[in-house]
Structure formats: structure tokens, C-alpha cells
Amino acid sequence: MADIGMAKGAEERGHARAALDADSVREAYRRWAGVYDTVFGGVSGFGRRRAVAAVNRLAGPRVLEVGVGTGLALPLYRRDLQVVGIDLSREMLEKAKQRVEAEQLANVRGLLEMDAEHMAFADGSFDIAVAMFTASVVPDAKKLFIEMSRVVRPGGHLLFVNHFAAEGGPRWWIERAMAPLSRRLGWHPDFALRDLLDPEVTTVERMEACPPAGIFTLVQLRNPDAVPQALAAE
């Protein structure tokens with residue numbers, strides 16, 4: 001288990017952090033699209049495989065992948081699942097569509113350009129929603145969490161794989177130093193679990209550190225019957 005739940009959220013940190021917005025994310029991933037698989041595909045592969053393996057064990061055929069990117073995870077899903085992917089980057093989605101066509105992934109029912117904080121889906125449209133390396137990319141991760149909760153049926157599942165900030169040591173100093181570069185990088189290096197959800201309000205069913213060296217963590221929870229009022233009010 002990874003003990004990261006008490007890491008300070010954005011509002012508690014006293015160092016500089018560059019704000020992300022939809023345009024800065026689009027621009028960053030327009031630059032990354034052509035080299036993303038080469039630069040990040042290997043190091044992120046362990047967490048991606050863990051997340052999809054967890055999805056494949058769960059009940060319910062309707063799966064939403066938030067931040068589908070170039071579609072690296074798409075060939076890993078069970079072929080009886082109905083997978084829809086969304087992403088803010090048109091360039092990344094083009095790579096994903098090429099992958100679906102090349103690998104004949106008939107179970108991928110749609111790849112849509114969409115803002116994860118403002119999804120066009122009706123309430124309860126999916127049984128499972130998974131966001132891999134996405135929570136630290138969106139401008140407001142708590143809005144992402146609320147939207148994922150909304151579009152997943154009550155009792156369904158939410159899964160996240162992400163890098164979460166260290167609480168101390170050399171890695172903490174590196175993350176702190178990189179924080180002002182968020183707009184250029186396209187993600188928050190100092191992203192904490194509390195930036196996504198409040199552990200005192202939301203019950204996490206499972207947290208699992210993923211290779212290499214526990215850099216990424218798989219977080220899994222069951223969707224409540226309703227979004228907690230404390231979250232909905234934010």
C-alpha cells in the first residue's frame with residue numbers, strides 16, 4: 001500500500017505553482033503527441049497494465065477511459081467490454097484512432113474530443129471510469145472527480161493511476177522545484193491525492209504502488225449513491 005493520503009493539497013502548499021487551463025493542456029499535448037509513446041510509454045506501462053487489469057476484473061461492460069491519449073491502454077481491455085475514450089487533445093486522439101484501426105479494436109465504441117471537467121454524457125452512462133496519468137493534467141482535479149462520479153452509475157467503480165507527490169525527501173524537493181513549470185510540462189509535478197479527493201470524505205477501497213520504484217499509484221473506489229455534498233458544493 002502507498003501511504004500518500006496525507007500529502008498536502010494545492011491549497012496547503014506555500015510554493016509557486018503555475019496554473020493549468022484547457023488551452024495550456026492542449027498546447028502541451030500537441031507538442032507531446034508525436035513522441036508521447038516513446039518518451040512516456042515505457043515508464044507508464046506498469047501502471048497502465050495494473051489499471052486495465054483491475055478494470056477487466058470488475059463487473060459491468062461500459063467503460064470510460066478519461067484522458068485516453070494515444071490509446072496505449074486500448075488493446076489491453078477485455079474484448080467484451082464497451083470502451084469509450086475521451087481526451088482534450090485532438091492530436092493525441094488522432095494517434096488513438098490510428099491504433100484502433102490498426103489493431104481492429106471493435107470494442108472501442110468511441111474516441112471523443114471532450115473536456116473531462118465538463119463531460120457531455122448523461123448521469124450514470126458508465127459502469128467504470130478510469131483515468132490514467134490524467135488527474136495531474138486537468139486544471140481542477142476535484143471537478144474531474146465529481147464528473148467521473150456523475151457519469152458512472154451508483155455502485156460502479158472509479159480508478160486512477162497517477163504520480164502523487166512525496167511528503168518529504170529528495171523527490172519532494174524536485175517536485176517542488178518543478179511546480180512552476182506546470183504549464184510548459186502539461187501536468188503538475190507536485191500533485192497530491194488531496195488535490196483529487198478528500199480522504200476524510202471519500203472511502204478509497206484500494207491503493208497500490210506501481211513500478212518503477214512506486215512512482216505511480218493505483219487508486220480504486222466504489223462510486224457512492226450520490227456525490228457527497230461537500231464535494232458538490234466546491
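A residue is called exposed when its relative accessible area is over 50%, buried when it is under 20%, and partly exposed in between, using a 1.4 Å probe and protein chains only. The model is predicted, so local features need pLDDT of at least 70 and side-chain atom pairs count only at pLDDT 80 or more, while totals for chains, interfaces and linings use all residues. Residues are numbered from 1 along each chain as its sequence is written, and side-chain values use heavy atoms, with hydrogens and water left out.

Select A106, which sits in the loop between helix 3 (90-103) and strand 3 (108-113); helices (H or I, at least four residues) and strands (E, at least two) are DSSP runs, numbered from the N terminus. A106 is exposed because its relative accessible area is 67%.

Next, select strand 1 (residues 62-66), where four of the five residues are buried. Strand 1 pairs with strand 2 (residues 82-87) in the parallel sense over five bridges, and with strand 4 in the parallel sense over four bridges, pairing being counted if DSSP finds at least two bridges between two strands.

Finally, go to T134, in the loop between strand 4 (126-132) and helix 4 (141-151). T134 counts as buried because its relative accessibility is 6%. A polar atom of the T134 side chain lies 3.1 Å from the backbone oxygen of V66.

Definitions and conventions. Polar contact = N/O pair within 3.5 Å; in protein donor to acceptor, adjacent residues only side chain to side chain.
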